Amino acid sequence: MRETPKTFRCGSIVGCILLLAVFGGCAGLPDYALPRSGVTMADPAMIDEAFTYRQLTRSDFRAPALPADQDAHATAINAHTCARIRPTKDSRFSVVRTRYNDSVVFIGGIEKIRFEGIMIPGCSWWNPALPAGSQAYVLQHEQIHFALVELAARRLTVDIREEAQSFMTVQPTAEAARTEIATTVNRWIRSAMEASLEMHTAFDNDTSLFHSPRWQQWWQDKIEKQLAADPEPTGKK
């Protein structure tokens with residue numbers, strides 16, 4: 001006999017895109033400046049202060065220093081944005097306890113899922129030595145990276161819709177079912193972030209290797225138009 005499903009929210013996704021603003025005269029982005037996906041710290045307080053897509057301000061960059069693996073390049077880096085994709089707060093997952101061949105099993109499913117981009121101030125850094133005349137350009141640069149994360153999140157919502165509707169996992173415990181759901185959602189997020197790196201890198205190649213307000217404005221207009229055309233996740237606040 002099937003029992004009433006228990007719904008829960010998945011809050012353990014920690015995949016992140018780390019984005020840097022670097023300006024110089026080199027022929028290509030140095031390795032340390034390449035946009036990359038990775039794993040950010042799982043500090044609950046840091047995640048709690050994260051916010052969904054909006055206009056960035058200088059005060060949103062609150063990290064006291066760059067990550068240890070980039071600190072040696074601090075003089076060449078103008079800003080470091082820590083952004084990620086996560087399920088929206090109204091996403092719902094279920095685990096149902098039932099019996100199969102005289103054994104108790106737990107069936108996990110996804111009732112509803114959408115994604116959104118967030119920026120995490122606690123791991124986002126701003127170079128305090130950045131000249132005042134460069135700050136508007138750098139802030140716009142990071143805004144566009146944030147917009148690219150939000151765009152990837154909205155497209156992920158559409159791309160995995162059918163797969164999410166048909167998803168089912170059968171496990172011996174409720175915890176194992178919840179873990180499998182979280183693993184699947186995390187895989188989708190990581191795949192979307194990695195796929196978006198090509199666009200982040202193309203943007204940086206156009207605007208981080210030299211000061212180019214015209215090209216940067218072109219990118220902002222392009223991404224804002226794409227965001228306007230893509231549906232915004234419901235439940236977004």
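Predicted model: local features only at pLDDT ≥ 70, side-chain atom pairs only at ≥ 80, totals over all residues.
1. Residues are numbered from 1 along each chain as its sequence is written, and side-chain values use heavy atoms, leaving out hydrogens and water.

2. These two cysteines belong together: Cys82 and Cys123 form a disulfide, with 2.2 Å between their sulfur atoms (the cut-off for a disulfide is a pair of cysteine sulfur atoms within 2.5 Å). The pair links distant parts of the chain, 41 residues apart, with Cys82 in strand β5 (residues 79-87) and Cys123 in the loop between β8 (115-119) and β9 (125-126). The torsion about the S-S bond of Cys82 and Cys123 is about -80°, so the disulfide is left-handed. A search of the whole structure finds one disulfide.

3. Now to the helices. The protein chain has five helices and 10 strands, taken as DSSP runs numbered from the N terminus (helices are H or I, at least four residues; strands are E, at least two). The axes of α2 (residues 132-159) and α5 (residues 213-229) come within 10 Å and cross at roughly 25°. That makes α2 roughly parallel to α5 (angles under 35 degrees count as roughly parallel, over 145 as roughly antiparallel, 65 to 115 as roughly perpendicular and the rest as oblique). Axes here are lines fitted to C-alpha atoms, for helices over the stretch in contact, with angles from 0 to 180 degrees between N-to-C directions.

4. Which residues of α2 meet α5? Among them are Tyr137, Ile144, Leu148, Leu151 and Arg155 in α2, while the α5 side includes Pro213, Trp219, Ile223 and Leu227; contact means heavy atoms within 4.5 Å.

5. Glu142, also worth a look, is found in helix α2. Glu142 is buried, with a relative accessible area of 0%. The C-alpha atoms of Glu142 and Thr57 are 9.9 Å apart, and the two residues are separated by 85 residues along the chain.

6. Finally, the chain as a whole: of its 237 residues, 50% count as buried. Among contacts in the protein chain with a separation of 6 or more, 83% are between residues 24 or more positions apart.

How values were computed:
Buried < 20%, exposed > 50% of the residue type's maximum accessible area, 1.4 Å probe, protein only.
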